[in-house]
Amino acid sequence: MYVWSKRLVIGLLAAFGLLTIAFLTQGPEGGPSSLKIHTTRWITLNYVGLVIWVFVWMIDQARVRGKNVWLWLLPFLFAPLPTLMAFVLFLQRKLKT
């Protein structure tokens, strides 16, 4: 589990934040979407499946290390990628003996 460096995670979180800000500042242009509804539903279904799979992985990792994962559920529902990165960093903390 010690494969992520703090520098990498901080960079990824910063990039995610910048992309989110760029996405939110560019509103819809009022034209109809070129995506078909079937494609949109398929993308949504895949995304929901991935989010569930990642949270099950988080439950497993927290259980192995004796941590509580349910505190991470609400942030994970709103922003899965940053929460996952923060969770991995949280699990990597060195324990004080």
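Thr83 is located in helix H4. In this predicted model, the residue is buried, because its relative accessible area is 7%, below the 20% limit for that class. Once neighbours within four places in sequence are set aside, the contacts of Thr83 are Trp72, Pro75 and Phe76.

Helix H4 itself spans residues 80–92. With 13 residues, H4 extends 18 Å from its first C-alpha to its last, close to the 18 Å expected at 1.5 Å a residue.

Nonpolar side chains tend to be buried together in soluble globular proteins. Here, the largest nonpolar core has 12 residues: Val51, Val54, Phe55, Met58, Ala62, Val69, Trp72, Phe76, Leu84, Phe87, Val88 and Leu91. Both H2 and H4 supply at least two residues of this core. Which helix gives the core its largest share? That helix is H2, from which five residues come. One of the core members is Ala62. Apart from neighbours within four places in sequence, Ala62 is in contact with Lys67, Val69 and Phe87.

Helix H2 runs over residues 37–65. It has 29 residues and reaches 42 Å between its first and last C-alpha, close to the 42 Å expected at 1.5 Å a residue. The buried residues in H2 are Val51, Val54, Phe55, Met58, Gln61 and Ala62. What covers these buried residues of H2? The covering elements include H3 and H4. After H2 comes Gly66, which has a positive phi, near 70°.

The link between H2 and H3 can also be followed through aromatic side chains. The structure contains four aromatic pairs. Among them is the pair of Phe55 and Phe76, which is tilted, with 5.4 Å from centre to centre and 40° between the planes. Phe55 belongs to helix H2 and Phe76 to helix H3, so the pair ties together parts that lie 21 residues apart in sequence. Both Phe55 and Phe76 are buried, and both are members of the largest nonpolar core. Together with Trp70, Phe55 and Phe76 form one aromatic cluster.

How many salt bridges does a search of the whole structure find? The search finds one, in which the side chains of Asp60 and Arg63 meet at 3.0 Å, N to O. An α-helix has 3.6 residues a turn, so residues three or four places apart point the same way. Is Arg63 buried or exposed? Arg63 is exposed, because its relative accessible area of 61% is over the 50% limit. Asp60, by contrast, counts as partly exposed, at 31% relative accessibility.

The chain has four helices and zero strands, and its elements run α-α-α-α from the N terminus on. Buried residues account for 20% of the 97 residues in the chain. Among contacts in the chain with a separation of 6 or more, 64% are between residues 24 or more positions apart.

The mean pLDDT of the chain is 78, and 79% of its residues reach 70 or more. Where in the chain is confidence lowest, and where is it highest? The lowest mean, 76, falls in helix H1 (residues 6–25), and the highest, 88, in helix H3 (residues 73–78). Helix H3 is thus also the element that contributes Phe76 to the tilted pair with Phe55.

Technical notes: Residues numbered from 1 in each chain as written. Predicted model: local features only at pLDDT ≥ 70, side-chain atom pairs only at ≥ 80, totals over all residues. Heavy atoms only, no water. pLDDT = per-residue confidence, 0-100. Phe/Tyr/Trp six-rings, centres within 6.5 Å; stacked < 30°, edge-to-face > 60°. Buried < 20%, exposed > 50% of the residue type's maximum accessible area, 1.4 Å probe, protein only. Core = buried A, V, L, I, M, F, W, Y, C linked by side-chain atoms within 4.5 Å. Contact = heavy atoms within 4.5 Å. Expected span 1.5 Å × (residues − 1). Salt bridge = Lys/Arg side-chain N within 4 Å of Asp/Glu carboxyl O.
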